[in-house]
Amino acid sequence: METPNQHSWQLLQRQSPAAIFVMLLRAAISLIRVFWPVFVGIFFKVNKSDDTNSFGLYAQWSVIIFSFLAIVYAAIEYFYYRFQVINNQFIIKSGWLNKKNISIPLDNIQGVHLQQSIWQRLFNVTGLKIDSPGTNQNEVSLDAIATAKAVELRQFLLSSTSTIQNESHIVSATNDKGWSLSIIDLLKLSITANHLQAFFLIFAFGINIMDDLKRILNIDGWGAIESVSEKAKSNTLLAISILIGLVAIISVFVSGALTINKFYNFTILPVEKGWRIAHGLLKYQQRLIPYRKIQILSWHANWLRRKIGFWIVDIKIIGGNSLRRKEQLHITTTNIEQVLTLVPQYQQSPVADTSSGFLINDAYYKRKLYIIILPITIIAIAASAYWLHWHSAWITLFTSIIYIHVFIYAKTLRWNINAEGLQLYEGVWGRKFTLLKWQKVQQVIFVQSLYQQKNNLASLKFKTAGGNVSIPYIAEAHAQQIANEVMYLIEAKEINWQ
Amino acid sequence: MEVFTNIEINLAELPKFEQVSFNKQEVKYLVVKRITMLITITVFVIISALAYIFIKKIHNNATLYAMIGTIILITLFWLIADTIGFKYAGYSLREKDILYRSGWIIRKTRMVPLNRIQHVSMQSGPIERKYGLASITVYTAGGDDSDDFSVKGITTETAIQLKEWIRSQISNSTLENSITDGDTEPA
């Protein structure tokens with residue numbers, strides 16, 4: 001019999017006091033994200049030498065009072081937030097003025113996940129999230145409980161619920177060792193990240209804050225750019241080189257940092273009927289992924305990562321919330337063999353050779369050209385001719401690149417089907433494989449545009465609980481046959497898709 | 001003990017969705033769509049007129065003609081889309097699934113096996129209620145709202161019957177799944 005000194009989950013208990021700090025921090029980060037220009041403005045206005053700035057004084061006191069109230073609120077929330085496991089239910093009681101009582105039958109629990117941000121690590125506490133279905137209930141979470149206690153609680157909950165009892169073996173029950181990423185792997189991953197994407201994001205963000213900078217800090221970003229471009233006219237090549245260099249450095253740094261933050265300490269360990277995946281620097285997460293939850297399995301690599309054999313495996317799973325939420329997880333592999341060890345857990349059929357399979361109809365890229373690319377090019381040239389004169393013709397270079405991209409995509413895309421599922425292979429500079437099991441399909445959608453109707457073509461879309469997979473521009477008869485066969489395979493077998 | 005069978009499946013004999021006959025939407029539904037269109041266009045015209053009156057910058061003939069032209073084009077396009085789309089739209093029930101097709105420029109035929117339906121709901125707007133019409137929405141797992149399909153333009157009685165029939169099929173399907181749940185999929 002348990003004594004009150006032991007972790008008796010039947011007793012009503014509170015989180016670690018560190019939860020107060022975690023709650024405050026989360027609220028502060030959310031506020032800063034939204035109101036950072038206001039805070040910066042207040043800060044600079046307050047620090048002006050003009051002592052008669054009463055606005056600054058009011059702002060200072062507002063911040064102090066608001067902070068004090070936030071601390072008091074967080075303390076009250078912490079004091080009234082308690083949990084227990086009793087009568088086969090996980091119960092959370094919270095709220096002071098507005099009392100709330102959440103009861104989750106243990107059998108309804110779909111998953112229990114641990115998360116540890118850098119701040120939680122400082123206090124040796126861990127956040128715990130419980131997934132449960134239900135149309136009105138969101139996932140339940142504890143912000144901060146002692147790490148050892150969190151692991152114990154998770155183990156207790158998993159062993160108590162029959163829904164995921166088969167996945168309750170936290171300790172590896174297989175002979176597979178799994179793998180993890182070394183520091184060298186992490187560096188390679190960060191260097192080969194999609195820097196172009198980061199560049200456009202930074203560029204867009206920079207444009208967005210230009211006006212804020214001028215308003216708050218009196219920094220005229222646009223003026224600075226104009227004066228630099230005036231000077232650069234005399235030495236265009238140098239200016240462009242410097243600009244490209246700056247952009248490259250910033251993009252590489254940002255995307256590299258994001259990649260390291262995401263995949264730091266990455267480990268994957270096969271457990272019985274699933275994988276245990278852990279990763280994260282600022283926010284360390286541990287997830288247990290049952291194989292049966294995987295809806296779509298795919299892996300991809302950009303052109304640089306293909307050279308060094310790095311592939312990212314994307315797992316689309318069904319979330320626990322009312323069977324309505326999709327989630328995507330990423331597993332990093334350092335060679336294709338690691339990818340191929342994961343595939344049999346989802347699909348038994350071997351992965352087809354990339355040179356085999358069906359192609360899509362040429363009408364795909366031709367339609368993109370006539371319906372989208374050409375009209376946009378003409379409109380863009382016409383709209384910009386007034387300012388750019390003959391230089392607007394350069395737009396055709398840009399749109400030609402897009403067309404070549406679409407052409408290569410259409411010629412590369414291949415698909416294979418068998419009784420088990422669909423395999424899709426695609427990509428232009430990078431490559432992507434997608435696997436879909438027919439048993440995971442929720443809905444089949446047969447699509448025909450006006451052009452496709454007249455030319456006996458069609459597209460197929462397969463909807464799963466984790467996302468969609470499409471085959472565009474195939475022969476109408478072939479698409480009908482596939483749709484009929486897939487419907488038969490789903491309906492004839494009595495296998496539960498979950 | 002169940003007798004083991006392994007009958008060859010003739011793919012040519014599989015049920016074909018393209019040969020299914022679809023039940024059309026009620027003619028009154030076209031009237032409902034026209035009324036909805038009229039209300040929406042009217043609201044749009046009022047907002048445009050107010051914008052034209054109160055925003056001095058756009059107070060010129062070019063803008064006025066552009067606004068009128070846009071409204072006329074949208075109305076025409078909407079009318080044509082509704083009319084042609086109405087002719088094509090329909091639903092069908094089969095023993096193991098439900099089908100719904102819709103669209104004009106882009107035609108879609110959605111097929112949902114009954115054993116994949118999570119739940120079904122019935123709804124009826126004020127204009128639909130006036131004409132005794134309703135629609136039912138079929139929900140499957142994990143999807144966005146755009147992926148759930150609604151069978152629209154049916155009478156309220158038909159909608160109730162459909163909903164109850166689908167619910168009974170879902171219950172039977174759930175019972176069969178729970179009985180056979182001990183079977184595991186490959187891997």
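Guide: Start with two helices of chain A. Helix H11 covers residues 363-388 and helix H12 covers residues 395-412. Their axes lie 10 Å apart and meet at an angle of about 170°. Angles over 145 degrees count as roughly antiparallel. H11(A) and H12(A) are therefore roughly antiparallel to each other. Keep in mind that this is a predicted model.

Now the residues that make this contact. H11(A) supplies A:Tyr364, A:Tyr365, A:Lys368, A:Leu369, A:Ile373, A:Thr377, A:Ala380, A:Ile381 and A:Ser384. From H12(A) come A:Ile395, A:Thr396, A:Thr399, A:Ile402, A:Tyr403, A:Val406, A:Phe407, A:Tyr409, A:Ala410 and A:Lys411. By class, the contact of H11(A) with H12(A) has 13 nonpolar, four polar and two charged residues.

On the H1(B) side, the contact includes B:Leu30, B:Met37, B:Ile41, B:Phe44 and B:Tyr52. On the H2(B) side, B:Leu64, B:Met67, B:Ile71, B:Trp78 and B:Phe86 are among the residues involved. The contact of H1(B) with H2(B) divides into 15 nonpolar, four polar and three charged residues.

A:Thr464 lies in strand S20 of chain A, which runs over residues 457-464. Its relative accessibility is 1%, so A:Thr464 counts as buried. The A:Thr464 side chain reaches two backbone atoms. One is the nitrogen of A:Gly466, at 3.0 Å. The other is the oxygen of A:Gly467, at 2.7 Å.

Last, chain A as a whole. Its secondary structure comes to 14 helices and 21 strands. Of its 498 residues, 42% count as buried. Take contacts in chain A between residues at least 6 apart in sequence: 57% of them join residues at least 24 apart. The accessible surface of chain A comes to about 26,900 Å². Carbon and sulfur atoms hold 63% of that surface.

Methods
Residues numbered from 1 in each chain as written. Chains lettered and ligands numbered in written order. Predicted model: local features only at pLDDT ≥ 70, side-chain atom pairs only at ≥ 80, totals over all residues. Heavy atoms only, no water. Helix = DSSP H or I, 4+ residues; strand = E, 2+ residues; numbered from the N terminus. Buried < 20%, exposed > 50% of the residue type's maximum accessible area, 1.4 Å probe, protein only. Contact = heavy atoms within 4.5 Å. Areas by Shrake-Rupley, 256 points an atom, 1.4 Å probe, with all protein chains shown as cover. Nonpolar A, V, L, I, M, F, W, Y, C, P; charged D, E, K, R; others polar. Polar contact = N/O pair within 3.5 Å; in protein donor to acceptor, adjacent residues only side chain to side chain. Axes fitted to C-alpha atoms, helices over the stretch in contact; angles between N-to-C directions. Parallel < 35°, antiparallel > 145°, perpendicular 65-115°, else oblique.
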